[in-house]
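Here's a quick briefing to read alongside the model. Take a look at the chains first, then come back for the details.

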Amino acid sequence: MSTGAIRTEGLTKRFGPVCALDDLDLEVAAGEVMGYLGPNGAGKTTTIRLVLSLLRPTSGRCEIFGLDAQRQSVEAHRRLAYVPGEANLWPRLTGAETLHLLGQVHGAVDAAYRDRLVERFALDPTMRVRAYSKGNRQKVLLIAALMTRADLLVLDEPTAGLDPLMEQAFRECVREARDRGQTVFLSSHILSEVEALCDRVAILREGRLVELGTLEQLRHLSALSVDVTFAGSVPDLSRVPGVGNVRVHDHGVRLDLRGPMAPLVRALAAAEVTGLVSREPSLEELFLVHYGKERDDGR
Amino acid sequence: MTVAELAAPAPALPAPSRAPGAVVAGRTSRAAARSGLLWGYVFGAFVASSAWSYTSIYKTPAEREALAAAFGDNHATTALFGPAPGLQTVGGFTVFKVSVSLMLIGAVWGLLLATRLLRGEEEAGRWDLLLAGRATARGATAQALAGLGTGAVVLWAVTAVITSVVGLWSRVDIKAGPACFLALALVSTAAMFLAVGALTSQLAATRRQAAAYGAVVLGVSYALRMVGDAGLGLHWLTWLSPLGWVEQLAPLTSPDPVPLVPIALSTVVLAAATVYLAGIRDVGASLVPDRTHARARFGLLGGVGGLAVRLARGVALSWIVAVALVGLLFGTIAHSAGTTFSGSSVRQVLERLGASGGGAGAYLGVAFLMLEALIAFAAAGQIASARAEESEGRLDHLLVQPVSRSRWLAGRLAVAVALVVASGVVAATTTWLGTATQPTGIGAAPLLSAGLNATVPALGALGLGTLLLGLWPRAAVPGVYAVLAWSLLVELVGGIGALSHWVLDTSVFHHVAAAPSVPVDWTSDAVLVALSLAAALVGLAAFARRDILGA
């Protein structure tokens, strides 16, 4: 039996004729921070709700630390904490009452850490939930999840509504959690957040897993953007192995490079190169290029 | 991601055809008209069944005179139900029978509808979206008031049409003109309290609080009218009460249009004040300062069971107070009401309703039907609030914890059952206190049995509601309310003998003995409770296996 924090096998969910999640095989190792990306409607929240057994799979299965997510959900839930993207809480309870309730229901709470979190996120716990702004309600849920020190944190767009300062505090908390050996499964739209926090990234599109790997690996799959400027004439680089999308301008050229760099460097040796800049694509570019392409192909 | 999003094959959006300004009026009037239609039908059915039952119970002039002698000058019943002139006529009896209950139902309808469509929409944030467009706060509020007005007009029209149609029957014989005036009188409290609800929606920060402020106005109005009618020489007090004005309209007996002046004037003034106040406050804010901070009380927050108690506490207490008051009222008037329950035709009707014998016991047998209905609606409210926890996403926070679904739902049901049983016991106790002041000779024990017996339909509603929550969650709340409303209608109409046994059997209330006039049929109660329990168990099992669904 696997000791992964989350392991899904052929996990599939249909809503009537619509397939929201199709045959997902995914393993989140204990102690890693995995980013879960995809456009709206790709099936991210469906995946998370299946993992939490709020939805029943059409087929396939899911395990949390080796426990069946559906049949042993109570045991599994002792080891996880969850933050949803929409903070619907009991409007008449105060922040402190909500934290108390969720802590009691979960069972184990690090009270000292909870108090530190309340301070760090600058939350006024005497306020009623209905008087909180969206961002403050989100803070209540973040604190409630983090204070349990659960082995697995399942976060579904957890920073929606947080200001940049609080976003910073959130990132610190996730890093602390990782340093303590907690596993984090982070679904997010904020690519810089994923880039800053995640060891590995899974990308979902129309209910299917389309990419999975470390950021490094994903970058290798994608082209490197290279700008070269020359003192003299621009040589023809279009036949160099791995080079594509060559765009020549006044004194230089911009091209995409896939694979090893050596053939390009050899081809440039003969020319009078005055500058060479190569840039790895950001996650955002990876993401956009991937979807842009898919969309174009689809036409 | 929701199912709706997923399933969207993106139909082309219709072009916005309505004049840009009238969106709020359109939305509000649709919602208000739907509600007005439904309640107009209830109002009409109540008027029709009262007129009908009078003609079948009190057939001879002698019987009618006896009724008038018993109630016509009784200050106790006048204080509770209003004056009863002309009990010798169908019209006089009908007005006496329906006016206080429909006045109160109309007022509550108006308060809840206005606070839902104004403060409720604002609280949910939908108002922000509308006001972000071209509408101003005052403009949108005026439009919403126009929409609420549509609801009142629909309520009036449906009531008037049903009353006129019933009036065509020669034994009832109410002409269309007086029928329309009766409908106007019955709906005028609804109109005034729509305006009261609209105003309190400007004052309070939450819908609940706005409704509570309105309820205070209603309580004071009722109390002023009651003291004014109690024969203490304070009749002028009724002129200070909106309910008093409606009473002075005296439809069908000695119609007087003059009180329409204060009724119309107060409605217009309240509406104008509402529009004015809407313009001097921020959207989402209230004029009465909102208590945004509170001292933490952790008492009941130790787990899901405690949370269920804490969430139900306020509503449950209101229901228990309501049934306590209704029980006290029934008990107090049981003796004088029972004296009119004589004669063979009365027996016949009582027997159709399942009661037997005569006197206070027979009266209470019929009166307890009303308690059964109240307690059943309280139970339906618990099903609705359990479903709301799920559909509004709050349940997610509990189910992702080490909490099984069955434990959560069983906890909610335990609270609901406790509310139902407490309501039955409290109602029986206060009825007994009421009867104890009169020479009725009814003891505490049979009333307690009757009180427990009255909880059986409510337990049935819980069983059905849980079954639906498990199998068809989106239909659970409308389903339970529909079954109860249907059953109540069948009982009201069935009392006059117009329905076949097959139709009567579809009513959940029909399967419960009309205690205390007849002994409680514990076997039949046990069967009903066992069926409810079985339905609840199936519902619990299905709930544990299905998807958690949003609205």
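In chain A, the C-alpha centres of domain 1 and domain 2 lie 43 Å apart. Keep in mind that this is a predicted model, where local features need pLDDT of at least 70, side-chain atom pairs count only at pLDDT 80 or more, and totals for chains, interfaces and linings use all residues. Residues are numbered from 1 along each chain as its sequence is written, while chains are lettered from A and ligands numbered from 1 in the order in which they are written.

**Domains of chain A**
- Domain 1 covers 6-218 and domain 2 covers 223-280; bounds like these come from an automatic or database domain assignment.

**Where chains A and B touch**
- Chain A puts 36 residues into the contact, and chain B puts in 33 residues (two residues are in contact if their C-beta atoms, placed from the backbone, lie within 7 Å).
- On the chain A side, strand 2 (18-28), helix 1 (44-51), helix 2 (73-77) and helix 3 (95-106) each supply at least two residues.
- Helix 3 of chain A gives the largest share of that side, 8 residues.
- Helices (H or I, at least four residues) and strands (E, at least two) are DSSP runs, numbered from the N terminus.

**Zooming in on Asn453(B)**
- You'll find Asn453(B) in helix 17 (residues 444-453) of chain B.
- Leaving out residues up to four places away in sequence, Asn453(B) touches Val512(B), Ala513(B), Ala515(B), Val520(B) and Asp525(B).
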